[in-house]
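Me: I would like to learn how to read a few features of a structural model, beginning with the fold and ending with the surface. Could you take me through them one at a time?

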Amino acid sequence: MWVGVCLSVVVELVPEKLRTTGIGLYFFIISNIGGNMQTIVPSVQSAIKNAFNLSDLQAFRGALYIFFPGEYVIGSALFLLTLFVIKRDLKRFNEQDTNSSITNLLYDDYKKNSDDE
């Protein structure tokens, strides 16, 4: 559900020269987090079972309550944090120069970086 939105944010925020690396890093992190859930859930299940003296089913349900909705809550919090960061950056951009556009600033930044090389 949120992978497409996050991928478009990554593509837009990463500089053009690093987009392929940024997308690769994004998919690497997503696959490692998602791929390791099947090994993390049983260990959390046993910790919950021992801590609260629950049955296997109740402990498994508790572990899933932590990870399934918990991941969405963490993702939502990160998107909210990103919203505030982007608003701050746009405010700085608007205070910087009212006559230039984002495209001009990106081009100027690209030109400066290519002149340095």
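Me: What should I know about the model before reading it?
Reply: This is a predicted model, in which local features need pLDDT of at least 70 and side-chain atom pairs count only at pLDDT 80 or more, while totals for chains, interfaces and linings use all residues. Residues are numbered from 1 along each chain as its sequence is written, and side-chain values use heavy atoms, with hydrogens and water left out.

Me: How many helices and strands does the protein chain have?
Reply: Helices (H or I, at least four residues) and strands (E, at least two) are DSSP runs, numbered from the N terminus. The protein chain has five helices and zero strands, and its pattern along the sequence is α-α-α-α-α.

Me: Which residues does Gln45 touch?
Reply: A contact means heavy atoms within 4.5 Å. Gln45, which lies in helix H3 (residues 37-52), counts as buried because its relative accessibility is 17%; leaving aside residues up to four places away in sequence, Gln45 touches Asp56, Ala59, Phe60 and Ala63.

Me: Which residues make the nonpolar surface patch?
Reply: Accessible areas come from the Shrake-Rupley method with a 1.4 Å probe, and for residues only the protein chains shown count as cover. Here Trp2, Val3, Val5, Phe27, Phe68, Tyr72 and Phe79 make a patch of about 640 Å², and H4 gives the largest share, three residues. Trp2 lies in the segment before H1.

Me: How many aromatic pairs are there?
Reply: Rings of Phe, Tyr and Trp (its six-membered ring) pair if their centres lie within 6.5 Å, with planes under 30 degrees apart counted as stacked, over 60 as edge-to-face and the rest as tilted. The count comes to two aromatic pairs. Phe68 and Tyr72 form an edge-to-face pair, because their ring centres are 5.5 Å apart and their planes lie at 85°.

Technical notes
Buried < 20%, exposed > 50% of the residue type's maximum accessible area, 1.4 Å probe, protein only. Patch = residues over 30% accessible without salt bridge, like charges linked within 9 Å, V, L, I, M, F, W, Y side chains within 5 Å. Salt bridge = Lys/Arg side-chain N within 4 Å of Asp/Glu carboxyl O.
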